[in-house]
Amino acid sequence: MLDYHVYTVGWICIASTELNVGRGLLDGEHENLPPKPKDDNNYLLGRMNGRNAAIGYPESGLCGSHNVSHVATNMARAFPHIRFGLLISSLLTETQHLLDTFPLDTHPLTQFTTGDDLGDNKPHVGDDYFLTSGDKIRFFFEPDAFSASPDPATGKPALLKPKQQAVNKIGHSLHSLSAPFRAVSLSERNAAIARSLGFKDPRVLQSMVICKQPGIGGAVPPHRDSEFLYTDPPSAVGWWFALQDAGPGNATLGMYPGSHRGRAGGKVRRRFVRRSNDEGVVVGTEFVENDGPGLPRGMEEEEVEGEGPKEEDVEVLEVKAGSLVLIHGNVLHKSEKNTSDRSRFAYTFHVIEGADGWKYDERNWLQPPEDGQGFSKLYQ
């Protein structure tokens, strides 16, 4: 009999039609395995395209998104070698559930923009709703989802689209507060990736779904992730999962190859930080000049004239749903406005070095939870 360790493909079903599709894709079915303690999932096991696959669904029968978290958590615990990229359906279902259920009547209608694009004249995002979102699940709107003038009845900007199609992103602690996202984020496979990158004590922070809504998904100007999550010295790496196919047609990632290197001008030269007034009260965010180390430890080198990133060198990525892109914290990258009729959902979180010898800056816009536990440990 096979055991739980040989299964590398995972599929979570929430509808009978989906289970029937999954059964039809199996080349052959396997016998059930002895149940794990505290795992009340049902599993359909078999062979799919040369790999061992586990299809999970709730014990009580097939149902909606409220049980996806439970199934995902049990599956990740029972099958240690499941490739999390194939749990994408559970993340999409959870995302849709979050978009459907967040209350609009009490929402401050915070719009997300870093104020980084000199052509849009929009201010930096920086209200309390944003600044206290580091350990919460909150929703930030696309600026273009609102009317140009306020609604006379409410005095607030009016949404031009259903709320589900107006959100720019959901963040910033999905990895700790949502079971499906936690199962994908705080996994042994991600820990193995972090070890291969040389992390001593990797900490997970700033997890979010970026929606890139059809027609209005805002452009993200060229930036480096370590500008936003600065450690001394820089250490950030982004994990970016495509939840839907991403390509030139729906505003995929644009990368500047080699731009993380010092000789190519890869130093962190600016920082996105909390802005305080003369009384020391935080009143927003801003970009400031970086006066600390600009390159990760071991990558220090002088800039070479003429080797900096050029627009003609931008590599526009084709990323299939379920794929992972690792983004060096110093690499310059961007995305265009989504003018297509297709969304481009992606899930991303970031990892910084938490070991002695690296300091997370107290001016960063995102600060550790107030419970004193620090950011989530990836090495469990």
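**Strands, charges and rings**

Colleague: Let's start with β9 and strand β21 (residues 376-377): over how many bridges do they pair?

Modeller: Keep in mind that we're looking at a predicted model. Strands β9 and β21 pair in the antiparallel sense, and Arg-203 faces Lys-377 of β21 across the pairing. The number of bridges between β9 and β21 is two.

Colleague: Which strand is joined to β9 by seven bridges?

Modeller: Look for Val-204 and see what stands opposite: that's Val-351, in β19. The two strands run antiparallel, and the seven bridges lead from β9 to residues 346-353, which is strand β19.

Colleague: And β8, how many bridges join that strand to β9?

Modeller: Strand β8 covers residues 167-172 and runs antiparallel to β9. You can find the place by looking for Ile-170, which stands opposite Val-209 in β9. The count of bridges joining β8 to β9 is four.

Colleague: Is β9 largely enclosed or largely open, then?

Modeller: Strand β9 spans residues 202-210, so there are nine residues to check. Buried means under 20% relative accessible area. Eight of the nine pass that test, so the rest of the structure leaves β9 largely enclosed.

Colleague: Now the charges. Which residue meets the side chain of Arg-203 in a salt bridge?

Modeller: We've already seen Arg-203 opposite Lys-377. For a salt bridge, an Arg nitrogen needs a carboxyl oxygen of Asp or Glu within 4 Å. Here the N to O distance is 3.1 Å, and both partners are buried. The partner of Arg-203 is Asp-201.

Colleague: How many salt bridges does that rule give for the whole model?

Modeller: The same test that we just used, with its 4 Å limit, is applied to Lys and Arg on one side and Asp and Glu on the other. The total comes to 16.

Colleague: Arg-263 and Glu-301 form one too, so how far apart in sequence are the parts that this pair ties together?

Modeller: Their closest N and O atoms are 3.6 Å apart. Arg-263 sits in the loop between β13 and β14, while Glu-301 sits in the loop between β15 and β16. So the pair ties together parts whose separation in sequence is 38 residues.

Colleague: On to the rings. Are Phe-130 and Phe-140 stacked or edge-to-face?

Modeller: The model has 19 aromatic pairs. In this one the ring centres are 5.7 Å apart and the planes meet at 80 degrees. Planes over 60 degrees apart fall in one class, so this pair is edge-to-face.

Colleague: Which helix holds Phe-130?

Modeller: Phe-140 belongs to strand β5, and the pair ties together parts that are ten residues apart in sequence. Phe-130 is buried at 1%, and Phe-140 is buried at 0%. The helix holding Phe-130 covers residues 128-131 and is α4.

Colleague: Which residue lies over the face of Phe-112?

Modeller: Phe-112 belongs to a cluster of linked ring pairs, along with Tyr-129, Phe-130, Phe-140 and Trp-365. The charged residue over its face is 3.9 Å from the ring centre, and that's Lys-169.

Colleague: Last one: which residue's backbone oxygen does the side chain of Thr-252 reach?

Modeller: Thr-252 lies in the loop between β12 and β13 and is buried at 5% relative accessibility. Its contacts beyond its sequence neighbours include Ala-246, Lys-334 and Arg-344. The backbone oxygen that the Thr-252 side chain reaches, at 2.9 Å, belongs to Leu-317.

Definitions and conventions. Residues are numbered from 1 along each chain as its sequence is written. This is a predicted model: local features need pLDDT of at least 70, side-chain atom pairs count only at pLDDT 80 or more; totals for chains, interfaces and linings use all residues. Side-chain values use heavy atoms; hydrogens and water are left out. Buried means under 20% relative accessible area, exposed over 50%, partly exposed in between (1.4 Å probe, protein chains only). Two strands pair if DSSP finds at least two bridges between them. Rings of Phe, Tyr and Trp (its six-membered ring) pair if their centres lie within 6.5 Å; planes under 30 degrees apart count as stacked, over 60 as edge-to-face and the rest as tilted. A charge sits over a ring if NZ of Lys or CZ of Arg is within 6 Å of the ring centre and within 35 degrees of the ring normal. A polar contact is a pair of N or O atoms within 3.5 Å; within protein, one must be able to donate a hydrogen and the other to accept it, and residues adjacent in sequence count only if both atoms are side-chain atoms. Contact means heavy atoms within 4.5 Å. Lists of a residue's contacts leave out its neighbours within four places in sequence.
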